[in-house]
Amino acid sequence: MPDFEDAIEISADADSVFEFCSDVSRMPDYVPTVTAVEWRGDDTIHVAGTAYERNYETEGRLSVHNEALRMIWDAPTHGRYHGELEVAPGSGDAARVTVRLSFSADSAVRQNAAQRGLDPDAHIRQAIRRTLERMKELIEGEPTAAWRNEARGEEDARRGYDEPRHGFRHPLD
């Protein structure tokens with residue numbers, strides 16, 4: 001069972017939502033701490049970003065299962081870190097996106113949050129919620145509370161978030 005799980009309904013069909021989510025070049029658009037992602041072959045990806053006022057680069061594994069509308073990833077060099085994203089039909093014509101994450105007690109995410117006096121679990125839950133709401137905003141074209149001017153500035157920098165660096169376009173255009 002994952003340490004963390006959250007889901008959101010998005011007003012679009014499941015295939016289109018998964019197509020958007022599984023395009024790794026779009027990850028910087030919806031993951032607050034990621035600035036670049038590139039495939040390095042097979043199931044290896046290189047991720048760069050900024051978290052806790054520090055730049056980072058890491059490699060991880062990503063498996064995209066198109067028929068199951070599911071992605072599975074991990075970052076073995078940063079303690080035990082495992083994630084899954086699954087898209088399923090939601091209510092009506094909507095799709096339901098579920099994210100599940102697991103972190104070891106000594107993971108960099110937990111340690112960095114604790115060093116800043118933050119509750120690591122609350123911090124991770126907030127990051128997942130922000131990511132899901134940003135996906136929803138990009139796909140539906142409507143701003144969500146997580147990405148409006150709430151909790152921006154110094155407090156977000158302390159938490160490890162950075163302003164998005166990319167121009168956004170509607171992914172279904």
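The model is predicted, so local features need pLDDT of at least 70 and side-chain atom pairs count only at pLDDT 80 or more, while totals for chains, interfaces and linings use all residues. Residues are numbered from 1 along each chain as its sequence is written, and side-chain values use heavy atoms, leaving out hydrogens and water. Helices (H or I, at least four residues) and strands (E, at least two) are DSSP runs, numbered from the N terminus.

**The sheet**
- Seven strands make an open, antiparallel sheet in the order E1-E7-E6-E5-E4-E3-E2; strands pair if DSSP finds at least two bridges between them.
- E1 and strand E2 (34-41) are the edges, each with a single partner strand, so one side of each has no neighbour in the sheet.
- From one strand to the next, the twist averages 20 degrees; axes are lines fitted to C-alpha atoms, for helices over the stretch in contact, and angles run from 0 to 180 degrees between N-to-C directions.
- E1 and E7 run antiparallel and are joined by seven bridges, and Glu 5 stands opposite Arg 100 in E7.

**Helices across the sheet**
- H4 lies across E1, E6 and E7, at about 20 degrees to E1.
- Helix H1 (residues 14-21) runs at about 155 degrees to E6.

**Helix H3**
- Arg 110, Asn 112 and Ala 113 are buried in H3 (residues 108-115); buried means under 20% relative accessible area (1.4 Å probe, protein chains only).
- After H3 comes Gly 117, with a positive phi near 75 degrees.

Methods: Buried < 20%, exposed > 50% of the residue type's maximum accessible area, 1.4 Å probe, protein only. Contact = heavy atoms within 4.5 Å.
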